[in-house]
Amino acid sequence: SDPDQTLFISPAVVNMLVGESHSFSAFELEGKTVTPGAEWTLDNSDVVELSNDGGPTVISKGPGKATLHARIGSRTAEAVITVHDVQKLPIGAILWSAPQIPGFKTMQIIQAMPTSTGPDMYTIEQNENGEQLIRAMFGDGRQLWMRKMPRTGPIVNAVPH
């Protein structure tokens, strides 16, 4: 991953079946959601098509791989989409994964109290200095918000070197 990356797409990896749709969001390293301000493009319109009504959504058309790109000025981010031509994904298949924030490792995933506007889960991530990120996610992998929490005491459950 690019250590200087400041723009991210969430989710970063998606596995889909033919005929499904999936929505995405864009955010900056500081946690600000910038989805409406991004220019969204695809590299393979044979596999998925892009709809940007109310936010970027891809609709899968056929099996294969495609990359969704977001651009804001000179900054770019991408998400990899794989479309499978099967009736259902195998048990244990990863439906989506969140983008990795450089220097941070996921320590805990917590289910949120259900509400009509989300989030569906929270992740707690930590770097080797004990700083933590709290991320709110929808069940489809879109990030709702992210907050960096400063280290306030001794390092507990720190990420090993």
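Reader: In which loop is the place of A112?
Author: The model is predicted: local features need pLDDT of at least 70 and side-chain atom pairs count only at pLDDT 80 or more, while totals for chains, interfaces and linings use all residues. Residues are numbered from 1 along each chain as its sequence is written, and side-chain values use heavy atoms, leaving out hydrogens and water. With strands taken as DSSP runs (E, at least two residues; helices are H or I, at least four) numbered from the N terminus, A112 belongs to the loop between β11 and β12.

Reader: Is A112 buried or exposed?
Author: The relative accessible area of A112 is 7%. Buried means under 20%, exposed over 50% and partly exposed in between (1.4 Å probe, protein chains only). At 7%, therefore, A112 is buried.

Reader: How many Å apart in space are A112 and T123?
Author: A112 and T123 are 11 residues apart in sequence. From C-alpha to C-alpha, A112 and T123 are separated in space by 10 Å.

Reader: What is the omega of the cis peptide bond that joins S10 and P11?
Author: P11 is found in the loop between β1 and β2 (13-17). The bond that joins S10 to P11 is cis. Its omega is about 0 degrees.

Reader: Which residues cover the two faces of β1, and are they buried or exposed?
Author: On one side of β1 stand L7 and I9, and on the other stand F8 and S10. Both faces of the strand are covered. All of these residues, L7, I9, F8 and S10, are buried.

Reader: Which residue in β4 is the bridge partner of L7?
Author: β1 and β4 run antiparallel and are joined by four bridges. Two strands pair if DSSP finds at least two bridges between them. Within β4, the bridge partner of L7 is E28.

Reader: How many aromatic pairs does the structure hold, and what class is the pair of F8 and F27?
Author: The structure holds two aromatic pairs. Rings of Phe, Tyr and Trp (its six-membered ring) pair if their centres lie within 6.5 Å, and planes under 30 degrees apart count as stacked, over 60 as edge-to-face and the rest as tilted. The rings of F8 and F27 are 5.3 Å apart, centre to centre, with 15 degrees between the planes. The total is thus two, and the pair of F8 and F27 is stacked.

Reader: Why does the pair of F8 and F27 tie together parts that are apart in sequence?
Author: F8 counts as buried because its relative accessibility is 2%, and F27 counts as buried because its relative accessibility is 0%. F8 lies in strand β1 (residues 7-10) and F27 in strand β4 (residues 25-28). The pair therefore ties together parts whose separation in sequence is 19 residues.

Reader: What class is the pair of Y122 and W145?
Author: The ring centres of Y122 and W145 are 6.0 Å apart. Their planes stand at 55 degrees, so the pair is tilted.

Reader: Which strands hold Y122 and W145?
Author: Y122 counts as partly exposed because its relative accessibility is 27%. W145 also counts as partly exposed, at 25% relative accessibility. The pair links distant parts of the chain, 23 residues apart: Y122 is in strand β12 and W145 in strand β14.

Reader: What is the phi of G141 in the turn of the hairpin?
Author: β13 and β14 form a hairpin, and five residues lie between them. Most residues other than glycine have a negative phi. In G141, which lies in the turn, phi is positive, at about 95 degrees.

Reader: Which residue in β7 stands opposite L50?
Author: β6 and strand β7 (residues 57-60) run antiparallel. Four bridges join these two strands. The residue of β7 that stands opposite L50 is V58.
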